[in-house]
Amino acid sequence: MRKVGHWLIAGVIELKSGTRIGGSDDVLQIGGTDLTCIKDPVTDRPYIPGSSLKGKMRSELEKHLGKFGGNDNNEPCGCAQEDCPVCRVFGPHQKSDHRLGPTRIIVRDAPLLEGGDIELKTESTIKRSTGGAQHPRTLERVAAGSRFRLEIGVQELDLDAPMTYEDHEGRRVTGGEALVQIVYHCLDLIEASGLGSGTSKGYGAVEITVKEAKRLPGRRERPQPTAGSGA
Ligand SMILES: [Zn+2]
């Protein structure tokens, strides 16, 4: 197994609605603790953790392909089949004995480029029997219009040569280009579903624009050493 190339995919994630990043507010807490967004500890500005983005990419692709592991269909895919796009790009879940090689994708934390205002939103649940609001709590959302820098690295190995995938026009591409198309498909699926929590309430609508996708050369040009004068 040998690494034959490295791809860099760069672009912008723009929030189209207020977005809750990094919170786990799916379970309403009695007492209404305030729920804060993930922020860079140094700048105190919001960012999108690469791990969140990568996890969402994987789970959306699994949903789309109907690829889940485990008996309850709730686990990530661990099929380790050579033609499984999920296992090839993200690695088979909890399986060490496979021939797919290491995880191909590196998703960087997405720093804030523009915007980043935090808005406070008060939510409550409605008691069905009375129609009254209960358990109010205040949560933070990153305002619509905020933009973050997307950067994804993809490693291409010699054993990716037989992999194929369709691009958005249905053309079959192979090898490293297939890996890139799998990544693009994941990004399309996130645009369709949303990012962060509360997407069923309309939070987390995003537009993801890829500005650059290139195969980086193996070696870069660097200053070459010259023989010293010996002085
Ligand atoms: Zn799989």
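Which residues of the largest nonpolar core touch the most other members? In this predicted model, they are Val154, Leu179 and Val183, out of the 37 residues in that core.

View 1. H3 gives the largest share, 8 residues. Nonpolar side chains tend to be buried together in soluble globular proteins.

**View 2. Helix H3, residues 175–193.** The 19 residues of H3 reach 28 Å from the first C-alpha to the last, close to the 27 Å expected at 1.5 Å a residue. Its buried residues are Gly176, Glu177, Ala178, Leu179, Val180, Gln181, Ile182, Val183, His185, Cys186, Leu187 and Ile190. Just after H3, Gly194 adopts a positive phi of about 105°.

**View 3. Surroundings of Leu179.** Leu179 is one of the buried residues of H3. Apart from neighbours within four places in sequence, Leu179 is in contact with Val89, Arg104, Val154, Glu156, Asp160 and Met163. Among these partners is Val154, which, like Leu179, is among the core residues that touch the most other members.

**View 4. The whole protein, for orientation.** The protein has 3 helices and 9 strands, following the pattern β-α-α-β-β-β-β-β-β-β-α-β along the sequence. Its C-alpha trace spans about 80 × 60 × 35 Å along the principal axes. Of the 231 residues, 29% count as buried. Among contacts with a separation of 6 or more, 63% join residues 24 or more positions apart.

Notes
Residues numbered from 1 in each chain as written. Predicted model: local features only at pLDDT ≥ 70, side-chain atom pairs only at ≥ 80, totals over all residues. Helix = DSSP H or I, 4+ residues; strand = E, 2+ residues; numbered from the N terminus. Expected span 1.5 Å × (residues − 1). Buried ≥ 20, exposed ≤ 12 C-beta atoms within 10 Å, placed from the backbone. Core = buried A, V, L, I, M, F, W, Y, C linked by C-beta atoms within 7 Å. Contact = placed C-beta atoms within 7 Å.
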